[in-house]
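The sequence and the model are shown first, and the description follows.

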Amino acid sequence: MPTITINTQQESYPIHINALESITHNSKVLLITNPKVGGLYLSKVLSRIDAKEVFVCSIPDGERFKTMQSIEQILECAFSNKLDRKSLMIALGGGVISDMVGFASGIYERGIDFVSIPTTLLAQVDASVGGKCGINNAYGKNLVGLFHQPKAVYVDSAFLQTLPKRELNAGIAEMIKMAICFDRDGFYALQKANLYNPNELERFIQKAIKTKAAVVSQDERESGIRAALNYGHTFGHIIENLTHYKTYLHGEAVGMGMIMANELALKLALITQSQRDGIKQLLQTYNLNLDFKIQNINEFYQKFFLDKKSHQGNLTFILPNGIGDVVIKNDIPKNTILEVLEMFA
């Protein structure tokens with residue numbers, strides 16, 4: 001079984017790829033999932049856990065439930081079952097579950113361990129890797145949270161067999177994003193690949209995880225190179241917020257955000273029209289909806305200032321610099337940004 005190791009300043013942890021291993025823990029375990037994933041896989045996963053006691057907490061499914069109310073529900077499960085600082089939380093689900101369990105475990109009794117068992121493609125290649133844990137609020141996406149690395153991640157492609165194609169496509173958008181940022185050859189390989197083929201998909205999952213692991217190992221707390229992984233997210237998070245996290249999956253919003261960011265990059269001569277068109281065509285190969293219309297340009301623009309990368313009133317954008325490289329720009333004139341937004345109105 002391939003294992004990829006993430007090395008941070010504080011610790012290292014493994015990402016196990018392929019069949020789900022047994023998980024042994026000598027204290028209490030709280031497994032957090034949602035009704036949809038639990039109905040499919042809870043019994044399978046419970047059979048692989050060897051612990052003193054195992055409890056299950058089921059929280060509502062969906063991005064709109066990635067809130068403090070759900071965190072309180074997880075904490076209530078932990079307190080009522082008397083978890084202590086030697087206990088373990090397990091995240092079984094997609095990116096929403098991964099984010100919330102990382103956050104809840106990070107604040108429970110000032111921090112306990114957790115492991116992640118991601119069941120969506122997006123969570124396997126992105127959300128469960130790197131320890132960024134957060135929740136949404138009225139002001140925006142992931143604005144409340146912390147960095148809390150898991151003790152291990154278990155990536156089993158068998159979970160993807162029941163994944164709806166729309167969810168699969170949303171995860172593919174994040175894989176494309178990583179290749180554009182850091183892997184030029186990988187991007188051109190993706191143009192020739194068929195990720196609906198399970199063997200090809202598994203190969204590219206490993207490539208994406210290796211890319212993410214290398215970035216996180218260099219910059220755990222997003223003070224430099226890791227910020228580049230937010231390509232597409234500056235616009236995408238606003239799309240999610242404006243649609244109240246009900247209309248688009250995260251990967252779909254990121255795909256739209258990449259299209260918007262590419263128009264800004266084209267205006268700044270960072271990419272060519274051919275590169276812009278190539279990215280859009282690859283996203284369209286996987287039936288991603290890229291047609292978001294901005295209803296209020298000023299409202300959209302003002303929400304940029306709530307982005308976590310903005311600093312002292314300066315907006316920061318992650319833009320492709322050709323294929324396989326990115327730049328972080330914080331000096332783009334307001335008029336240039338508004339011209340791009342008008343293209344999508």
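## Salt bridges

The model is predicted. Across the whole structure, a search finds 19 salt bridges. One of them joins Asp99 to Lys66, with the closest N and O atoms 2.8 Å apart. Asp99 belongs to helix 3 (residues 95-107), while Lys66 sits in the loop between strand 4 and helix 2 (68-80), so the pair ties together parts that are 33 residues apart in sequence. Asp99 counts as buried because its relative accessibility, 8%, is under 20%. Lys66 is also buried, with a relative accessible area of 2%.

A second salt bridge connects Glu339 with Lys267, whose closest N and O atoms are 3.2 Å apart. This pair links helix 12, which holds Glu339, to helix 9, which holds Lys267, across 72 residues. Glu339 is partly exposed at 39% relative accessible area, and Lys267 is partly exposed at 42%. Salt bridges with shared partners join Glu63, Lys66, Asp99, Lys141 and Glu240 into one network.

Seven strands form an open sheet in the order 1-2-9-6-5-3-4, with mixed pairing. Strand 1 (3-7) and strand 4 (49-58) stand at the edges with a single partner strand each, so one side of each has no neighbour in the sheet. From one strand to the next, the twist averages 20 degrees.

Strand 1 pairs with strand 2 (residues 12-17) in the antiparallel sense over five bridges. Helix 1 (residues 35-46) lies across strands 3, 4, 5 and 6, and runs at about 170 degrees to strand 4.

## Helix 12

Within helix 12 (residues 334-343), Thr336, Ile337, Leu338, Val340 and Leu341 are buried. The buried residues of this helix pack against helix 8, helix 9, helix 11 and strand 10.

How values were computed:
Residues numbered from 1 in each chain as written. Predicted model: local features only at pLDDT ≥ 70, side-chain atom pairs only at ≥ 80, totals over all residues. Heavy atoms only, no water. Buried < 20%, exposed > 50% of the residue type's maximum accessible area, 1.4 Å probe, protein only. Helix = DSSP H or I, 4+ residues; strand = E, 2+ residues; numbered from the N terminus. Contact = heavy atoms within 4.5 Å. Pairing = 2+ DSSP bridges. Axes fitted to C-alpha atoms, helices over the stretch in contact; angles between N-to-C directions. Salt bridge = Lys/Arg side-chain N within 4 Å of Asp/Glu carboxyl O.
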